[in-house]
Amino acid sequence: MNKLKKQVDNPEVTLDIEAHGIPEDVREAGFLDWLCSVVAYGDDGKMYWFGTSPLILALENVDMWNLEISWETGKVVPMPGTIYKIADFPPVGITTRHSLPGGSLQVERAVNQVKVNLGSFQVICKDDKTWHYSIEDEEKGIKVEFVHHGAGFPTWYGKEKPSYLTPHSIAYGYNWSGIVEGKLFIEGREINFTGKGIRERYIAVDSSAAEIGGWEDWMWFHFDEAFGSMYEMKLGNKDMSLNLAEENLYFPTGDFTIEHLEWAYLQALGAFIPTVYKIVMEVDAGVLEFTAKVVGATVWGVTAKSPSTPVATLNWDKLEGTFTYENGSTKSLSGGLGGVSIRQIKPYPSIFAPELVSGSPILNEGRMTTL
């Protein structure tokens, strides 16, 4: 087994890393975030995908926070007369972004918690391994309150010293899959929810989209019996971790493969995206396998022109998976949720785009969409 190198000697999350600011050796494109991406079931019977984060962007001298919430799913459909498929996904249900001058974000350190404030965004990182979010956009009538619970240990990029993901993408921090619970207030409705999510404490010394963008899969998964995350840069390195809940085992190293079984063109991104994933993760205790189907997407930073390094978060439907132990016994996994963010070096294969957006109608659940 081709094991990945262990990133840290002690995987325990401390308040020091939660409160970590811009590194002293920061380069041109340094930044910070306290991100959380969630998949949850509401008490209204709907499934929700949402993501939020406060950011310090050193290069732009800007602090900002954002929130995107989706609750509708789409499907992949054939493109008539071609061998291609199209991801006919609905737009994000609600999105809001607030930019403030650099220096607006405040980090307050106390004995048992770290409080991060930026305008009407707050996240409190407590020493019991929970993060408590409170976010509000009064003008749009949006409010979100939820807690992310950390169990086991996370995937570390670097702790005592940074990890060189690529020569010019250098970072400290972790991401951690866990249980979430809370409330959404949207469109005049109050929705209680429970689910799974990943949180990220990211401290970038520098970042290079060109180096990362050969291809990037940043994904997380959370079953009741097994949870973790993995990160692969085709031009860089690989990171992963796996927690086995019932055995109370943590694996910060192992090997994994990510297969993109099907692809479809996503017009909002100007690129093809994977729409079916197959993941195999091997650790000393055995092999985890699961499949994931993409049912929606949130694109990042797209304007009228397709970006040179397209980035998107792909919404997965519920996951199906198994864990096979070294002795050959197999366990079916339950309660599977997760998601993935991707980055490409260019809209690949972009030469097909004119053919796919030439006005062909697609029938989708009784409505006609023209691409």
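**Close-up views of a predicted model**

**View 1. Cys 36 is buried, at a relative accessible area of 0%.** This is a predicted model. Cys 125 is buried too, with a relative accessible area of 0%. A search of the whole structure for disulfides returns 0.

**View 2. Phe 50 sits among the residues with the most contacts inside the largest nonpolar core.** That core has 43 residues. Ile 69 and Phe 146 join Phe 50 in the group with the most contacts there. Strand 13, residues 169-186, supplies the largest share of the core, with 7 residues.

**View 3. Phe 50 and its contacts, leaving out residues up to four places away in sequence.**

**View 4. Glu 145 lies in strand 11, residues 142-150.** Its relative accessibility is 31%, so Glu 145 counts as partly exposed. The C-alpha atoms of Glu 145 and Ser 134 are separated by 4.6 Å, with the two residues 11 apart along the chain.

**View 5. The side chain of Glu 145 makes a polar contact with the side chain of Lys 143, at 3.4 Å.** Not counting residues up to four places away in sequence, Glu 145 touches Tyr 133 and Ser 134, along with Glu 181, Gly 182, Lys 183 and Phe 193.

Conventions. Residues are numbered from 1 along each chain as its sequence is written. This is a predicted model: local features need pLDDT of at least 70, side-chain atom pairs count only at pLDDT 80 or more; totals for chains, interfaces and linings use all residues. Side-chain values use heavy atoms; hydrogens and water are left out. A disulfide is a pair of cysteine sulfur atoms within 2.5 Å. Buried means under 20% relative accessible area, exposed over 50%, partly exposed in between (1.4 Å probe, protein chains only). A nonpolar core is a set of buried Ala, Val, Leu, Ile, Met, Phe, Trp, Tyr and Cys residues joined through side-chain atoms within 4.5 Å. Helices (H or I, at least four residues) and strands (E, at least two) are DSSP runs, numbered from the N terminus. Contact means heavy atoms within 4.5 Å. A polar contact is a pair of N or O atoms within 3.5 Å; within protein, one must be able to donate a hydrogen and the other to accept it, and residues adjacent in sequence count only if both atoms are side-chain atoms.
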